[in-house]
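Subject: Structure handover

Dear colleague,

Here is the structure we spoke about handing over. My notes on what was found in it follow below.

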Amino acid sequence: MGIRYFYSLSFREQPIFSTRAHVFQIDPNTKKNWVPTSKHAVTVSYFYDSTRNVYRIISLDGSKAIINSTITPNMTFTKTSQKFGQWADSRANTVYGLGFSSEHHLSKFAEKFQEFKDAAQLAKEKSQEKMELTSTPSQESAGGDIQSPLTPESINGTDDERVMAEVTQNSEPRAEPTQNALPFTHSLTISKHWEAELATLKGNNAKLTAALLESTANVKQWKQQLAAYQEEAERLHKRVTELECVSSQANEVHTHKTELNQTIQELESTLKKKEEETERLKQEINSAREFQAQRNSLTQKLQEVEIRNKDLEDQLSDLEQRLEKSQNEQETFRNNLKTLLEILDGKIFELTELRDNLAKLTECS
C-alpha cells in the first residue's frame with residue numbers, strides 16, 4: 001500500500017523512456033561486491049515531472065521499488081563493460097548497477113542519461129536565474145528599510161512616491177537662475193519622457209507582482225510537496241526499521257545463497273570433468289570398435305589362411321607320400337639295375353673268356 005501511496009503523489013510524472021535490465025546495488029558493507037535486487041530482468045524507466053521539472057529513474061520488482069533515483073547535474077553514468085553500467089546516488093547513499101542484454105541497450109540508456117542530465121542542468125540554471133531575478137528587486141528595496149515587508153509597492157514604490165520624486169527632480173532645475181531655465185516645449189518633452197518611464201515602471205511593477213504571486217503559489221505547492229515528502233520519509237523510515245529487523249535473516253539467506261553458489265560451481269566443475277571423461281570414453285569406444293572391426297577382418301583373413309594352409313599341408317602330405325613311393329620305386333629300380341649290371345658284367349666276362357678261347361682256337365688251327 002505504501003508504494004501505491006508514493007506513486008499517487010507523483011501522478012504528474014510520465015515515463016519517457018523504458019528498457020529492461022538486471023538491477024544491482026553495491027554492498028553497503030564491503031562497498032565492492034554487487035548485490036542483485038531483482039531475480040530477473042525488470043523494466044527500468046525514466047520519468048519526468050513537468051511541475052517540478054525533475055527527471056527520475058524508477059524500477060519496480062512487483063510492488064517493490066528497487067530504484068528511485070533523481071537525476072542531478074553532478075551524476076555520471078559509467079560503462080564498466082560492454083553490457084554493464086553504474087551510477088552513484090548520493091541522496092540514496094548507494095551505487096546502482098544495470099546489466100543489459102546487449103551493448104546497444106546499454107549505449108541507448110547512457111545516451112538518455114546524459115540527455116536528461118543536461119536537461120536537469122539547464123532547468124537548474126533557469127531556476128537560479130529566476131530566483132536571482134526575484135531576489136534582486138527585494139535587495140534594492142531592503143537597502144532603504146530592512147524591516148519593511150516585501151510587497152510590490154516596496155519593490156518599485158507607489159505611484160504617488162514616484163510622481164513626487166519626478167516632481168522633485170523636475171523642480172530642482174527650476175530653482176536655478178532664469179538663465180538656466182528650460183523652454184516650455186523642452187519641459188513638455190521631459191514630462192512625456194517621465195510619463196513613459198512611469199508607464200514602464202507600472203508595467204515592471206505588474207510583472208513583478210505576477211511573479212510574486214506565482215512565487216507565493218509555488219511556495220504553497222512546495223510546502224504541500226514537502227509535507228507529502230515528510231510523510232513519505234517517515235514511511236520509508238519505518239520501512240528501513242522493518243528491513244533492519246529482517247537484515248539478519250537476509251544475511252543468513254545471503255550466506256546460504258553463497259554456499260549454494262559455491263556448491264553449484266563445484267557441481268558444474270565436476271559435471272564438466274565428467275563430460276570430458278565421457279567424451280574421452282566415447283573416443284576410446286570408437287577406437288575399440290575400429291580395432292574390433294580390424295580384428296574381425298584379420299580373424300577372417302587368418303581363417304582363410306588356415307584353410308589354405310591346411311590345403312597346402314594336405315597337398316604336401318600327398319607329395320611326401322608320392323615322393324616316398326617314388327623313392328622306394330627308385331631304390332627298387334636301383335637294386336634291379338645293380339643286379340642287372342652284375343649279371344651283365346658276368347655275361348661280359350663270359351663273353352670275354354669266350355672270345356679269348358675262340359682266339360686261341362683260331363690260333364691253334
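Is arginine 280 buried, partly exposed or exposed? At 41% relative accessibility, arginine 280 counts as partly exposed. Please keep in mind throughout that this is a predicted model.

Overall layout

The protein chain has 6 helices and 8 strands. Read along the sequence, they follow the pattern α-β-β-β-β-β-β-β-β-α-α-α-α-α. The chain is 365 residues long, and 18% of them count as buried.

Salt bridges

Searching the whole structure gives 5 salt bridges. Three of them are described here.

Arginine 280 has a partner in glutamate 284, and the closest N and O atoms of this salt bridge are 2.7 Å apart. Both residues belong to helix 6, where they sit 4 residues apart, about one turn of the helix. Glutamate 284 is partly exposed, with a relative accessible area of 41%.

Another salt bridge joins the side chains of glutamate 232 and arginine 235, at 2.3 Å from N to O. These two residues are 3 residues apart in helix 5 (residues 184-245), which puts about one helical turn between them.

Aromatic residues

The whole structure holds 14 aromatic pairs. In one of them, tyrosine 48 and tyrosine 55, the ring centres lie 4.6 Å apart and the planes are at 35 degrees, so the pair is tilted. The reasoning rests on a cut-off: planes under 30 degrees apart would count as stacked and those over 60 as edge-to-face. Tyrosine 48 is partly exposed, with a relative accessible area of 23%. Tyrosine 55 is buried, at 12%.

A further tilted pair is made by phenylalanine 77 and phenylalanine 113, with 5.5 Å from centre to centre and 40 degrees between the planes. Phenylalanine 77 is found in the loop between strand 5 (64-70) and strand 6 (78-79), and phenylalanine 113 in helix 2 (residues 103-144), so this pair ties together parts that are 36 residues apart in sequence. Phenylalanine 77 is buried, with a relative accessible area of 12%. Phenylalanine 113 is buried too, at 1% relative accessibility.

The residues of both pairs belong to one aromatic cluster. Its members are Phe17, Tyr46, Tyr48, Tyr55, Phe77, Trp87, Tyr96, Phe100, Phe109, Phe113 and Phe116.

Surface patches

Which residues form the negative surface patch? They are Asp311, Glu313, Asp314 and Asp318. Of these, aspartate 311 lies in helix 6 (residues 247-364), and at 39% relative accessibility aspartate 311 counts as partly exposed.

There is also a nonpolar surface patch of about 570 Å², made by Phe333, Leu337, Leu340, Leu341, Leu344 and Ile348. One of its residues, leucine 340, is likewise placed in helix 6. Leucine 340 is exposed, with a relative accessible area of 51%.

Backbone notes

Lysine 31 has a phi near 60 degrees, a positive value in a residue other than glycine. Lysine 31 sits in the loop between strand 1 (13-26) and strand 2 (34-36), and counts as partly exposed at 49% relative accessibility.

Where is asparagine 93 placed? Asparagine 93 lies in the loop between strand 7 (84-89) and strand 8 (94-99). Although asparagine 93 is not a glycine, its phi is positive, at about 55 degrees. With 61% relative accessibility, asparagine 93 counts as exposed.

Kind regards

Conventions. Residues numbered from 1 in each chain as written. Predicted model: local features only at pLDDT ≥ 70, side-chain atom pairs only at ≥ 80, totals over all residues. Heavy atoms only, no water. Phe/Tyr/Trp six-rings, centres within 6.5 Å; stacked < 30°, edge-to-face > 60°. Buried < 20%, exposed > 50% of the residue type's maximum accessible area, 1.4 Å probe, protein only. Patch = residues over 30% accessible without salt bridge, like charges linked within 9 Å, V, L, I, M, F, W, Y side chains within 5 Å. Areas by Shrake-Rupley, 256 points an atom, 1.4 Å probe, with all protein chains shown as cover. Salt bridge = Lys/Arg side-chain N within 4 Å of Asp/Glu carboxyl O. Lys, Arg positive; Asp, Glu negative; His and termini not counted. Charge placed at Lys NZ, Arg CZ, Asp CG, Glu CD.
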